[in-house]
Amino acid sequence: MNLVFLGPPGAGKGTIASEAKNYFGIPHISTGDLFRSHIKGHTDLGKQVKVILAAGDLVPDSITIEMVKQRFLESDAQNGFILDGFPRTIAQADALSEMKALDAVVNFVLDRDQIVKRLSGRRVCKSTGKTYHIHYNPPKVEGIDDETGEPLIQREDDKPEAILNRLSVYEEQTEPLIAYYREKGLLVDIDASPAPEKVFAALIKTVQK
Ligand code: AP5
């Protein structure tokens with residue numbers, strides 16, 4: 001199963017992908033996670049993209065496409081994948097169509113107020129990447145990761161100014177992909193507003209159709 005998760009920042013793509021990868025037995029390939037792991041590892045790529053991510057801008061297409069190409073060469077990506085956060089521009093979508101055939105593009109639909117609430121309340125564990133929300137999915141002990149006991153952090157790009165920039169970048173550069181994939185007959189819309197279990201159940205039902 002070759003799936004793309006499309007949708008605005010904070011719509012819950014990563015949350016649902018972390019369940020769906022086990023259900024379908026395919027890897028969750030998040031370009032945001034790949035960039036963050038380069039930043040954490042202080043690689044050359046990480047140094048190049050750190051400021052771009054913090055501001056909520058897009059990394060240039062050439063860099064992003066090459067990173068995804070390399071990720072597709074790994075053995076776990078040979079029998080399917082969930083791509084989360086890629087493609088984000090028409091140029092990336094054109095490049096992807098030359099790399100892989102897709103089964104479906106799942107568009108997570110959520111209104112702006114909910115997006116801002118989800119992003120501003122998100123907290124993450126820096127070492128494992130596990131995601132929480134201060135209201136919707138709090139840790140057992142406030143501010144502490146359930147598994148590692150480490151303090152949770154707020155992503156640089158979840159601060160108010162970066163959130164607003166990410167939303168305009170999404171509207172200008174990524175939203176056109178909805179029409180792009182609808183025309184190809186690949187797009188399925190999912191209401192991302194209910195609780196994660198319900199969104200996940202809707203995803204399974206839709207994709208299995
Ligand atoms: P990336 O990491 O992909 O960020 P994003 O698309 O903005 O997505 P998010 O991770 O913010 O949101 P999500 O939809 O996964 O939501 P989540 O599940 O965490 O990209 C980061 C940056 O990397 C970009 O800005 C760019 O700079 C760069 N980049 C990445 N890909 C690129 C590309 N292709 N080209 C160029 N640059 C690229 O959920 C959010 C919160 O809501 C959490 O707290 C969660 O607990 C909560 N939540 C989730 N679902 C629910 C629910 N159903 N009900 C209540 N709360 C929920």
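The legends below describe close-up views of a predicted model.

**View 1. Helix H4 and the elements that cover its buried residues.** Helix H4 comprises 12 residues, 61–72, which at 1.5 Å a residue should span 16 Å, and its end C-alpha atoms are 16 Å apart, in agreement with that expectation. Within H4, the residues Thr64, Ile65, Met67, Val68, Arg71 and Phe72 are buried. Seen down the axis of H4, these buried residues fall within an arc of 160°, so they line one face of the helix. Their cover includes strands S2 (28–30) and S3 (81–84), together with helices H2 (31–40), H3 (44–55) and H5 (90–99).

**View 2. The contact of helix H5 with helix H8.** The axes of H5 and H8 (residues 176–183) come within 10 Å and cross at roughly 35°. Ile90, Ala93, Asp94 and Leu96 contribute to the contact from H5, while Pro176, Leu177, Tyr180 and Tyr181 contribute from H8. By class, this contact has seven nonpolar residues, no polar residues and one charged residue.

**View 3. The open sheet of five strands.** The strands are arranged in the order S2-S3-S1-S4-S7, and their pairing is parallel. Because S2 and S7 (187–191) stand at the edges with a single partner strand each, one side of each is left without a neighbour in the sheet. On average, and with direction ignored, neighbouring strands are turned by 25° against each other. Helix H8 packs on this sheet, where it touches S1 (2–6), S4 (104–109) and S7, and the direction of H8 makes about 130° with that of S7.

**View 4. The pairing of strands S2 and S3.** These two strands run parallel and are joined by three bridges. Ser30 stands opposite Asp84 in S3.

Technical notes. Residues are numbered from 1 along each chain as its sequence is written. This is a predicted model: local features need pLDDT of at least 70, side-chain atom pairs count only at pLDDT 80 or more; totals for chains, interfaces and linings use all residues. Side-chain values use heavy atoms; hydrogens and water are left out. Helices (H or I, at least four residues) and strands (E, at least two) are DSSP runs, numbered from the N terminus. The expected span of a helix is 1.5 Å times one less than its number of residues. Buried means under 20% relative accessible area, exposed over 50%, partly exposed in between (1.4 Å probe, protein chains only). The arc is that of the directions from the helix axis to the C-beta atoms. Contact means heavy atoms within 4.5 Å. Axes are lines fitted to C-alpha atoms, for helices over the stretch in contact, and angles run from 0 to 180 degrees between N-to-C directions. Ala, Val, Leu, Ile, Met, Phe, Trp, Tyr, Cys and Pro count as nonpolar, Asp, Glu, Lys and Arg as charged, and the others, Gly among them, as polar. Two strands pair if DSSP finds at least two bridges between them.
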